[in-house]
Amino acid sequence: MAEQAAIASPRDVDIDRTLAEGRRIHAVSSAVRYAVLAAVGFIMLYPLIWLIGASFKTNAEIFSNPGFIPLNPTLDGYIRGWQTSTPYTFATFFWNTFLIILPKTIGTAISCTAVAYGFARFDFPGKRILFASLIATLLLPNVVTRIPQYLLFRDMGWLDTFLPLWVPSALAGDAFFVFMLVQFLRAIPRDMEEAARVDGANTWQTLLFIVVPMLAPALISVCLFQFMWTMNDFLGPLIYLSSVDKYPVSLALKLSIDTTEAFQWNSILAMSVLALVPSLTVFFLAQKYFIEGISTGGLKG
Amino acid sequence: MARLQIRNLEKVYGNAFKAVHGISLDVNDGEFMVLVGPSGCAKSTTLRMIAGLETITGGEIRIGERVVNNLAPGQRGVSMVFQNYALYPHMKVRNNLAFSLKLKRRPKPEIEDATRAVAGILEIGELLERLPKQLSGGQAQRVAVGRALIKKPDIFLFDEPLSNLDAKLRASMRVRITDLHKRLKQDGLSSTVVYVTHDQTEAMTMGDRICVMKDGRIMQVADPVTLYNRPENTFVAGFIGSPEMNLVDGSLARNGSLRINIAGQTLAFGEDLASRLTARDGEAVTVGIRPQHFSIAGRGEDNALEGRVSHLEFMGHEVYLHVEVGGARLVVVVPSDRYDPADIADERIRLKPREEAVHVFDRETGTNVSLSATTGNASKLGG
Ligand SMILES: Nc1ncnc2c1ncn2[C@@H]1O[C@H](COP(=O)(O)OP(=O)(O)OP(=O)(O)O)[C@@H](O)[C@H]1O
Ligand SMILES: [Mg+2]
């Protein structure tokens with residue numbers, strides 16, 4: 001270093017100095033930027049952090065201590081929350097949620113792929129009208145169909161079963177997902193499918209071996225959305241389920257608020273934390289594909 | 001082993017646009033047929049109808065003895081190479097190659113052997129475990145050719161396979177594909193090829209025969225030499241050859257000797273052209289002369305076109321002269337070693353067309369009226 005400085009002409013030293021200056025300014029500005037971002041991020045996350053902290057507090061402390069670090073941490077909320085005030089534990093409710101989510105997510109993936117493939121790749125009579133009505137259902141407010149749907153499922157004898165909660169979705173009833181997959185497919189060139197057909201694949205083989213793998217990022221997003229929305233769905237189970245032993249987690253959380261006169265806030269918060277765990281886990285596991293799915297409309301060449 | 005027969009093939013697209021107007025074409029067994037034409041002339045449409053990717057709205061396609069109009073692409077015994085390779089992006093090269101055999105449920109060892117053989121021929125052995133996105137353009141194209149090869153199809157279809165490659169790679173792939181074709185032929189394997197391109201160099205260098213198309217119609221089908229020397233119409237004359245053939249309006253007079261008025265100047269022609277000509281006296285014609293088929297006339301010579309050199313391009317081995325004659329612009333190509341600046345005096349130059357290379361076209365229909373019935377001069381007109 002010293003040697004270099006000795007050889008360097010005055011001009012070089014000058015340049016070195018300006019470069020160092022530039023680097024310092026750059027470092028300061030990025031430090032400021034990160035500080036601002038961290039602060040905003042913290043504000044966004046604060047409710048969640050508080051929720052987790054509060055779930056370890058005692059009931060009394062929740063209202064007396066505004067900070068999020070519990071003074072005397074206790075698992076009391078988790079233990080009492082899990083047992084609930086009903087004859088069932090939260091295990092039942094998680095199991096119920098699982099029984100709804102599994103067929104719903106798998107059914108959605110299969111049916112929406114098939115329908116989207118049809119719309120995106122084939123010409124058939126009435127295609128335009130059918131696609132237009134699909135989009136129209138997307139624009140229709142949910143509330144409008146609630147009552148007719150309820151009456152329909154009542155006449156079918158499906159009340160107080162899981163069927164109304166997953167069967168419509170498993171038959172490509174969620175126009176949004178179909179639309180999303182159609183858009184994604186439209187951005188994928190047809191050449192690969194045509195090559196597969198020349199290679200001797202029939203329509204179903206092309207769908208299974210060529211289209212589905214290329215659709216994978218979009219399909220993963222569809223499954224994630226469906227998973228999270230179903231996990232959080234409150235109104236559907238509320239309308240169709242009446243026996244407590246069939247309640248999913250979302251309804252069961254509400255249950256603990258209803259039944260006791262003095263709310264056990266810490267057990268409610270503790271169960272809310274548990275209810276978040278599946279969604280968060282799945283999200284972080286699939287994050288890579290998820291973001292790929294919503295950010296790219298297609299494949300790079 | 002299969003020949004391809006196309007009879008009165010028509011294509012009307014869903015929007016009522018008629019892309020192909022009843023074309024008929026025979027491709028013999030083992031022949032390398034090139035479909036060439038400007039953009040939008042329905043080369044791809046025709047090829048895709050042969051492959052079965054586009055429905056046939058009229059006419060008939062036969063591969064071997066079978067009419068294939070209603071067969072699925074996979075049952076026609078064809079392989080296709082696409083312009084942008086169309087490799088399956090989620091499969092390794094190995095599985096891309098083997099996909100068609102796997103669909104046919106061939107035994108594993110057979111698939112393995114076939115993959116290795118094809119990889120050897122195309123020198124992609126070390127790429128077998130890669131994904132398509134890890135390949136360069138040239139490598140991807142070789143894999144695409146390999147995927148076509150492994151099926152041992154009756155007919156190979158290529159749709160502008162080289163147009164995404166740079167010029168150098170294109171030249172080497174051109175040789176590779178023609179070599180492959182020869183090799184298949186020698187091995188007694190089926191090697192009928194239909195190759196689509198809009199590049200006339202590709203067409204001329206690769207094709208056993210060339211089918212020139214325009215707006216969904218066939219303009220001429222012939223081997224490269226015939227196509228160059230005996231174009232049947234102004235379109236083929238202008239399309240094949242570089243720089244383009246000069247096409248100039250003229251009129252014909254035949255009292256005693258043959259005289260053609262070209263851009264206001266009259267040239268006398270001898271027996272060679274007169275005997276070929278089937279046009280009548282006084283008829284409005286288009287005269288076609290390739291840039292290479294002019295010679296520069298000396299000062300004293302008569303019977304030459306006089307023009308003004310407006311522009312001169314030195315290309316190394318030859319010189320392009322842009323010459324204005326009357327209202328027309330002619331391009332003249334002179335080999336560099338025969339070019340003498342003294343021939344141009346005061347920007348003026350005198351040009352003599354080689355009579356045996358002059359073409360006369362009916363100005364209305366565009367058909368060549370200077371071909372006569374005999375085919376004798378095809379060989380005479382080397383270049
Ligand atoms: N799906 C379609 N619907 C309607 N018209 C079409 C369709 N596909 C192609 N065409 C039209 O048919 C004509 C022939 O198209 P084609 O793709 O065969 O041309 P091409 O000779 O392959 O051109 P290029 O050299 O640009 O590839 C064009 O005028 C095109 O606009
Ligand atoms: Mg094309």
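Analyst: Domain bounds here come from an automatic or database domain assignment. This is a predicted model, in which local features need pLDDT of at least 70, side-chain atom pairs count only at pLDDT 80 or more, and totals for chains, interfaces and linings use all residues. Residues are numbered from 1 along each chain as its sequence is written, chains are lettered from A and ligands numbered from 1 in the order in which they are written, and side-chain values use heavy atoms, with hydrogens and water left out.

User: How far apart do the C-alpha centres of domain 1 and domain 2 of chain B lie?

Analyst: The assignment for chain B gives domain 1 as 4-229 and domain 2 as 244-372. Between the C-alpha centres of these two domains of chain B the distance is 40 Å.

User: Which residue has a side-chain N or O atom 2.8 Å from an oxygen atom of ligand 1?

Analyst: A polar contact is a pair of N or O atoms within 3.5 Å. A polar backbone atom of B:A42 is 3.0 Å from an oxygen atom of ligand 1, and the side chain of B:Y13 places an N or O atom 3.3 Å from a nitrogen atom of the ligand. The 2.8 Å pair involves the side chain of B:K43.

User: Which residue is the bridge partner of B:R254 in strand 12 of chain B?

Analyst: Strands are DSSP runs (E, at least two residues), and two of them pair if DSSP finds at least two bridges between them. Strand 11 (residues 246-255) of chain B runs antiparallel to strand 12 (residues 257-262) of chain B, joined by six bridges. In strand 12 of chain B, the partner of B:R254 is B:L258.

Notes: A polar contact is a pair of N or O atoms within 3.5 Å; within protein, one must be able to donate a hydrogen and the other to accept it, and residues adjacent in sequence count only if both atoms are side-chain atoms. Helices (H or I, at least four residues) and strands (E, at least two) are DSSP runs, numbered from the N terminus.
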